[in-house]
Amino acid sequence: MSQPLTTPGEGFHPHLHDTPDRPAAPLRTRLHHIRADSLDGDTAQTGGMRRFAAVSGRAVGSEKLWMGQTHVAPSTSSSDHHHGASETAIYIVSGHPEFVFLDGSGEEPEEVRLRTSPGDYIFVPPFVPHREENPDPEEEAVVVIARSTQEAVVVNLPHLHALRAEDA
């Protein structure tokens, strides 16, 4: 009798386990199911945050995408940082995190604070210095992040600075 193509209770996910008569398919020829309890915490970090990779080059063989979760503890602020040449999209799952950057379009750079709610999205262009804050004294903020690079790129900075149009 042949091996089932799905595992009972798993819907239509392919059966991905190695067996003597059926080796697992190469990473780039199959779908991948990443369970919430199997996220990888061994990724680039910023002070005040915990990042967990779900989709990465190492985990699933992705070449142009990184995706995972970030948790920001109550009353916590991340370090100032940027994500190199990577574009970053952020989806707010829970909490009300704030995203802070300096707008350099005026005569003097001005701090801008984007206050978010669950269901909101944030887009972070390449090289834009920013930080995440969770002002709530009790509730952890959780966001899902997708990046245009296969791994999490984090460049920690000593302070925020405005990215001018000619720098972009």
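Strand β1 is largely enclosed by the rest of the structure, because 6 of its 7 residues are buried. The model described here is a predicted one. Strand β1 covers residues 49-55 and pairs with β2 in the antiparallel sense, over 6 bridges. One of the places to look at in this pairing is Arg-51, whose bridge partner in β2 is Thr-70.

These two strands belong to an open sheet of 5 strands, in the order β1-β2-β10-β5-β8, with antiparallel pairing. Strands β1 and β8 stand at the edges with a single partner strand each, so one side of each is left without a neighbour in the sheet. On average, neighbouring strands of the sheet are turned by 25° against each other, direction ignored. Strands of a sheet pair through backbone hydrogen bonds, either parallel or antiparallel.

A search of the whole structure finds 1 aromatic pair. The ring centres of Tyr-91 and Tyr-121 are 4.9 Å apart and the ring planes stand at 55°, so the pair is tilted; an angle over 60 degrees would count as edge-to-face and one under 30 as stacked. Tyr-91 is in strand β5 (residues 88-94) and Tyr-121 in strand β8 (residues 121-124), so the pair ties together parts that are 30 residues apart in sequence.

How exposed are the two tyrosines? Tyr-91 counts as partly exposed because its relative accessibility is 33%. Tyr-121, at 61% relative accessibility, counts as exposed.

In soluble globular proteins, nonpolar side chains tend to be buried together. In a regular strand the side chains alternate between the two faces of the sheet.

The loops hold two residues with a backbone feature to note. Ser-75, in the loop between β2 (66-72) and β3 (76-77), has a positive phi of about 50° although it is not a glycine. Ser-75 is exposed, because its relative accessible area is 53%. Phe-127 also has a positive phi without being a glycine, near 65°. Phe-127 lies in the loop between β8 and β9 (131-134), and at 43% relative accessibility it counts as partly exposed.

Strand β9 contains Asn-134. Is this residue buried or exposed? Asn-134 is buried, because its relative accessible area is 2%, and the cut-off for buried is under 20%. The side chain of Asn-134 reaches the backbone oxygen of Ala-73 at 3.3 Å.

Key:
Residues numbered from 1 in each chain as written. Predicted model: local features only at pLDDT ≥ 70, side-chain atom pairs only at ≥ 80, totals over all residues. Heavy atoms only, no water. Phe/Tyr/Trp six-rings, centres within 6.5 Å; stacked < 30°, edge-to-face > 60°. Helix = DSSP H or I, 4+ residues; strand = E, 2+ residues; numbered from the N terminus. Buried < 20%, exposed > 50% of the residue type's maximum accessible area, 1.4 Å probe, protein only. Pairing = 2+ DSSP bridges. Axes fitted to C-alpha atoms, helices over the stretch in contact; angles between N-to-C directions. Polar contact = N/O pair within 3.5 Å; in protein donor to acceptor, adjacent residues only side chain to side chain.
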